Amino acid sequence: MKRIERVNDFVVRFANVNGSGSASANNLFAKAIFRLGVPVSPKNIFPSNIQGLPTWYEVRVSEQGYLARRGGFDFVVAVNGQTLLRDYRELSPGGYFLYDSTRELNEEFDRSDVIPIPIPLTDLCNTAFENPKLRQLLKNIIYVGSLAYLIHLDFAVLTDAVNQQYRKNPKLAEPNIKALEIGFAYARDHHPDTCKLRVEKTDRIGDKILMNGNSAFALGAIYAGATVVGWYPITPSTSVVEAFEKYTTMFRVEADSGRRKAAILQAEDELAALGIVIGASWNGARAFTSTSGPGISLMSEFFGLAYFAEIPAVVLDVQRTGPSTGMPTRTQQSDLLSCAYASHGDTKHVLLFPCNPRECFDFAADAFDLAERLQTPVIVMSDLDLGMNDHISPPLHWDDNRTYDRGKVLSAEDLESRQEQWGRYLDVDGDGICYRTYPGTHPTKGSYFTRGTSHNEYSGYTEESPIYQAGMERLLLKWQTARHLVPAPRIKIRDGKSRLGTIFFGSTTQAAYEAIGDLALQGLWINSLRLRAFPLNDEVADFINRHETIFVIEQNRDGQLRTLLINEGDFPPEKLLKVLSFDGLPITAACIAAKIGALLQEKPQQSKDGGTA
Amino acid sequence: MSTDRPIFRHPQATKNSAGFSRKDYEGAISTLCAGCGHDSATNAIIQACFELAILPHRVVKMSGIGCSSKTPAYFLGRSHGFNSVHGRMPSIATGANMANRDLLYVGISGDGDTASIGMGQFAHALRRNLNLTYICMNNGCYGLTKGQDSATADRGSAGKKGVPNPYSAIDLCELAIELGASYVARGFSGDKQQLVPLIKGAFSHSGLAFIDVISPCVTFNNTSTSTKSYEYVREHIDSTNTFDFIPLQQEILAHYPEGTSQDVLMHDGSVLHLHKAESSKDVTSRRRAVDSLEEEKAKGRLLTGLLYVNQDIMETHDIINSTLRPLNTLKEADLCPGNAALKKIMEGLR
Ligand SMILES: Cc1ncc(C[n+]2csc(CCOP(=O)(O)OP(=O)(O)O)c2C)c(N)n1
Ligand code: SF4
Ligand SMILES: [Mg+2]
């Protein structure tokens, strides 16, 4: 039988039971690989459950730097009885099956093309450790020790990581290191020369970090000066506010009073959460909420108010699998349309699409600037994969010369020195953006009445059709202004003559680049545009127009980005082909390459001059 | 529709200690039906602001949707106002208050806005004890959508269509007391004498002050069969106590005979001085307050006046221990930790 034999290029799957404390052991493993300078991408595939259901953690090791989920696995650490057989059957031929041999496998485990690696994890653990609570956790650490031996992972890196984790409480490091040693020794004594997968130290990481998108966004909000947060718990966005709260403890506690320079309120629902954000932003504080699809649905009416009354609001949507409750712990990019056009009447909202933690940080800060500059909601579109999984990312960086763009806000002095009459909705600069005031600014000037009803340029109530219509048209002018302010797309022209292009965004990015690379190896050169914002910048039209066929890659069923492109850019629908994945798992390069390949076969051959036959 | 009032100022108009005349607290001309209770309630708000010499630009007025929620346009024309969406005034007020704790927040709502669509937000603003004067102009119906029964309509009460309401009524004052409001009162838009001091007390209160103002809808719910009509309320009203609101500056001048009164010291140093009638109750006991409401209800009477005050419950900012400085005044130097701190965090992620 042929064993899978690879260096720095394989996938390990950990099959655990939810709530058994496996996460920290699995993280330890991923982190150790990262510290050896080898690109790694862990994906937690977990159930909507607190304890007892199966959970998987897949770690892709890729010296080439491919960070998307690969699909398939070469090594499985199978410690969940419920899924043991399934994990066994799905293992790639020539792969390795590490299991807890305290219980014998039955006759169903009869594959001849995989390599069983029995390790009596429970026995080893129970013999070595007394404390029943610790036993559960340390059993996980033991398999990490075994794995380290089997794939030649530098043991010192593991022990360093443990020591760092418990540097404030070195007593806890001791049993962990002991567990690692037990696992390592057992594998060395019983399974020498068994595994042909190998991790070797390299230098492919540079100054990069390993971080999840939710924490990065929270840090971005801290750096951008957010002070008010209204939120309602929902997976996968909850950890954003948890992180924000943690960082306020680090950075926002007044030394003299012990009071906090932030107000975080757990609201009664998402309606209230966005209401809090709108009220605070209207009153001159930077405020945000983070949520997921169901929350966006509830916020719909308020989005319209903020759009029409022109109030900044920063919202992070960490998308999950819909519709309805869908698969709440699985990923998707399926809130695009509901966010772009959230609310009744003619509404459009600015969307930002980060693709890695660095961009989650940057776009958090940009979102506050844009929302205040444009006086409108800005929704940052993350998703479960980007938000909750750790990703290798360029380090976060803050330019200390950067100041907050608070937009067009009149101070008491401005109001005092102003000659012309001020109108809250009077466009004096011709960019569709008017000047606003905060309550309490000036004793006699600058007060106005904010309303969701139709208003004139001086914020007075009106039902005059021309005035209403002019206001709606000015909002479109503002939308045009927004096009030039939002982050531009990242375009890669690999072959200036290629007629094939692809457009994608957010967490699809890594898989898309990998697929493009794979197809290039087959001689197929595809140019790419990574969209980073809505409204669509000019570059998008240029890119689409210069290609004959555009593959729009996204993680939803209906091709929502494609719909948005057709709707907003008037592009010919037949030119935009759907490449979709919506199974709730992070999209893979293999899926993309296969679908592009199939589409090219279906598509009639195109003539050189650009017309389709 | 609504326009500014003609700017005519009587030269001799009396000024308050801040140098403002009563007109300075008015807003645009009301577009509500002539005789609408909401206009009287609006006038009581104007009077209370005038008497307290409040600086108009330090007030923020907010509302939901409904005839009642339109009234912020009709008072305090020099203040910022925010007419939001149906039932969501409390969350907007919460956010605004979080951004700047130094302003005075007045929230106006209706019984539909509060007791139905906005019940959740009402309840949670109460339990957080947001520093907000929350006035519900309660007419037992949905005025703006033409008179449907609201959740505060009494069972058996009938509006213009004459169909008796089959459902039991929500008593917003009882609910407010149960849910943690620290100041709860009921007034009647037709009784300015009582309503003005109730509003003044609410303005001086730190925390959520809820006032349920029975405010008849003359167009849809002022029939003899309605329990929220002027006639019915006038005949069935019962008052807990009469009382004066004594602002801080005047406290020393007030003299009241001992034994017949109860004083409540407000956070800002003002005093609520209650003239206790024989039957009147202690307003600082939550249980007694609810009992009184129930007892009067059983007699078919409507209890008005100051029902409950508790000066010891912390307001939201103090519960969450947020800075005493208005958050909206903090700048980069207060908020942004700088790149050096970020670099340190990055080290931990390698
Ligand atoms: C989401 C939503 N649903 C329904 C309406 C229609 N609507 C406007 S006002 C109102 C009821 C107002 O009743 P209340 O709060 O008692 O105010 P009143 O007019 O009686 O003062 C309703 C249902 C709306 N504006 N928004
Ligand atoms: S309909 Fe009723 S509540 Fe509305 S303005 Fe007229 S009287 Fe007032
Ligand atoms: Mg009503």
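Predicted model: local features only at pLDDT ≥ 70, side-chain atom pairs only at ≥ 80, totals over all residues.

Trainee: Understood. How many residues does the contact take from chain B and from chain A?
Mentor: Chain B contributes 60 residues and chain A contributes 69 residues.

Trainee: What area is buried between chain B and chain A?
Mentor: About 5300 Å² is buried between the two chains, and carbon and sulfur atoms give 61% of that area.

Trainee: Which three residues supply more than any other three of the area that chain B buries against chain A?
Mentor: They are B:His80, B:Leu335 and B:Arg350, which supply 14% of the area buried by chain B against chain A.

Trainee: Now to chain A itself. Into which domains is chain A divided?
Mentor: The assignment gives domain 1 (6-198), domain 2 (211-393), domain 3 (412-485) and domain 4 (490-602).

Trainee: How far apart do the C-alpha centres of domain 3 and domain 4 of chain A lie?
Mentor: Their C-alpha centres are 40 Å apart. The contact involves four residues of domain 3 of chain A and six residues of domain 4 of chain A.

Trainee: And what do domain 3 and domain 4 of chain A bury between them?
Mentor: They bury about 430 Å², with 55% of it on carbon and sulfur atoms. On the side of domain 3 of chain A, A:Trp479, A:Arg483 and A:His484 supply 94% of the area buried against domain 4 of chain A, more than any other three residues.

Trainee: Is A:Thr508 buried or exposed?
Mentor: A:Thr508 is buried, because its relative accessible area is 0% and the cut-off for buried is under 20%.

Trainee: Which residues is A:Thr508 in contact with, leaving aside neighbours within four places in sequence?
Mentor: With those neighbours left aside, A:Thr508 touches A:Gln333, A:Ile553, A:Glu554, A:Gln555, A:Ile587 and A:Ile592.

Trainee: One last topic: at what angle do helix H1 and helix H5 of chain A pack?
Mentor: Helix H1 (residues 22-35) and helix H5 (residues 155-165) of chain A pack at about 120°, and their axes are 9 Å apart. H1(A) passes H5(A) in a right-handed crossing.

Trainee: Which residues make that contact?
Mentor: H1(A) provides A:Leu28, A:Ala32 and A:Arg35, while H5(A) provides A:Val157, A:Leu158, A:Ala161, A:Val162 and A:Gln164. By class, the contact of H1(A) with H5(A) has six nonpolar residues, one polar and one charged.

Notes: Residues numbered from 1 in each chain as written. Chains lettered and ligands numbered in written order. Heavy atoms only, no water. Axes fitted to C-alpha atoms, helices over the stretch in contact; angles between N-to-C directions. Helix = DSSP H or I, 4+ residues; strand = E, 2+ residues; numbered from the N terminus. Left-handed = near helix turned anticlockwise from the far one by under 90°. Contact = heavy atoms within 4.5 Å. Nonpolar A, V, L, I, M, F, W, Y, C, P; charged D, E, K, R; others polar. Buried < 20%, exposed > 50% of the residue type's maximum accessible area, 1.4 Å probe, protein only. Domains from an automatic or database assignment. Buried area = accessible area lost by both parts, 1.4 Å probe.
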